[in-house]
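My notes follow in the order I took them.

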Amino acid sequence: MTRALSPSLADALATGTVVLDGGMSNQLESAGYDLSDALWSARLLAERPEAVVEAHLAYFLAGASVAITASYQATFEGFARRGIGREEAARLLTLSVELAGEAARRAGEAGVDRPLWVAASVGPYGAMLADGSDYRGRYGLGVAELERFHRPRMEVLAAAAPDVLALETVPDADEGAALLGAVRGLGVPAWLSYSVHGRHTRAGQPLEDAFAPAADVDEVIAVGVNCCASEDVEPAVEIAARVTGKPVVVYPNSGEAWDADARAWTGRSTFDTGQVEAWRAAGARLIGGCCRVGPPTITELAATLK
């Protein structure tokens, strides 16, 4: 089925479970690309766009129905530090959506006949800083300042006509409020996903307080968590479903830990696809993986949820 003939993602979530992709950086690194750069995977939008298409396609062929674009770390400010002006930055943001759409087209040609959707990634303010603060929050900026930061690139991404905006890996309830303000009136649905530790955001706020404002935002079709440990998922799903009444999105990490000094992953994967049934029972409807979760795990996950 082509994207043009697909039901909306909101309709799909109202009637069943949808499988998300896994980590974009994981798949690009597995293909041999060096992402040790402040722009992370966004650098390849300019340098190797075909690699981005191939990464998305690998997840579609593995069983994912939603591709999250390589725009997590793509910002006007981040591109400017690399000498890329606003016009070219806007082109690259738009391209991120187009590349995921091209992968969906190729997946259809390869025989994938289920509906496929494109989610335009909007990472947190800290992702632009590239200093690890996207896992801490508390940037010293107010809600209005954060909304002014996010709105321009969200406008560009929305104009590229993705199926949904992925407001993801948000560490701080204040930034969540800013993103909810910025998404109003854009004409594109969105999901809001926090990075969490236990029953709190990474910045330490109770998840009940972080999720609550999303309940009254019509553009938000799902709320949940990502880039967290799998053991933190089930309590967060219950809270998100109870507080907002909306479908829940979850895509945790593999369980390995990132050593910032060594710039390497340590430990072992604890992502068990057997857990997803409990997540679905608690209210999760959009389920996938984040860092270090590759196509083989998505294939297992899709088979479990089928």
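**Entry 1: α4 and α13**

I looked at α4 and α13, and they are roughly parallel to each other, since an angle under 35 degrees counts as roughly parallel, over 145 as roughly antiparallel, 65 to 115 as roughly perpendicular and the rest as oblique. This is a predicted model, where local features need pLDDT of at least 70, side-chain atom pairs count only at pLDDT 80 or more, and totals for chains, interfaces and linings use all residues. Residues are numbered from 1 along each chain as its sequence is written, and side-chain values use heavy atoms, with hydrogens and water left out.

Helix α4 covers residues 49-62 and helix α13 covers residues 295-305. Their axes come within 8 Å and cross at roughly 30°. Axes here are lines fitted to C-alpha atoms, for helices over the stretch in contact, and angles run from 0 to 180 degrees between N-to-C directions. Helices (H or I, at least four residues) and strands (E, at least two) are DSSP runs, numbered from the N terminus.

I noted the hand too: α4 and α13 cross in a right-handed way. A crossing is right-handed if the near helix is turned clockwise from the far one by less than a right angle, and left-handed if anticlockwise. From α4, the contact uses Ala58, Tyr59 and Ala62; from α13, it uses Pro295, Ile298 and Thr299. Contact means heavy atoms within 4.5 Å. I sorted the α4 and α13 contact by class: five nonpolar residues, one polar and no charged. Ala, Val, Leu, Ile, Met, Phe, Trp, Tyr, Cys and Pro count as nonpolar, Asp, Glu, Lys and Arg as charged, and the others, Gly among them, as polar.

**Entry 2: α8 and its partners**

I went on to α8, residues 143-159, and α9, residues 173-183. The two axes come within 8 Å and cross at roughly 45°. That makes α8 oblique to α9. The crossing of α8 and α9 is right-handed. On the α8 side I listed Val143, Leu146, Glu147, His150, Arg151 and Met154. They meet α9 residues, including Asp174, Glu175, Ala177 and Leu179. The contact of α8 with α9 has eight nonpolar, two polar and four charged residues.

Next I checked α6, residues 86-109, against α8. Their axes come within 8 Å and cross at roughly 50°. That makes α6 oblique to α8. I recorded a right-handed crossing for α6 and α8. Arg86, Ala90, Leu93, Thr94, Ser96 and Val97 of α6 meet Pro152, Arg153, Val156 and Leu157 of α8. By class, the α6 and α8 contact divides into six nonpolar, two polar and two charged residues.

**Entry 3: cysteines**

How many disulfides does the structure hold? I found zero. The cut-off is a pair of cysteine sulfur atoms within 2.5 Å. Cys290 is in no disulfide, and its nearest cysteine sulfur, that of Cys227, is 4.1 Å away. Is Cys290 buried or exposed? At 13% relative accessibility, Cys290 counts as buried. Buried means under 20% relative accessible area, exposed over 50%, and partly exposed in between (1.4 Å probe, protein chains only). Cys291 is in no disulfide either, with the sulfur of Cys227 the nearest at 4.0 Å. Cys291 is buried as well, at 9% relative accessibility.

**Entry 4: positive phi**

Ala161 has a positive phi of about 65°. Ala161 sits in the loop between α8 and β4 (164-170). Arg292 has a positive phi of about 70°. The loop between β12 (284-287) and α13 holds Arg292. Arg292 is partly exposed, at a relative accessible area of 32%.

**Entry 5: single positions**

I placed Ser25 in helix α2 (residues 24-30). Ser25 is buried at 8% relative accessibility. Ser25 and Ser41 are 16 residues apart along the chain, and 6.1 Å separates their C-alpha atoms.

Leu116 is in the loop between α6 and β3 (117-122). Leu116 counts as buried, at 1% relative accessibility. Leu116 lies 52 residues from Ala64 in sequence and 8.1 Å from it in space, C-alpha to C-alpha.

Last, I turned to Ala281 in helix α12 (residues 276-282). Ala281 is exposed, with a relative accessible area of 71%. Ala281 and Gln205 are 76 residues apart in sequence and 25 Å apart in space, C-alpha to C-alpha.
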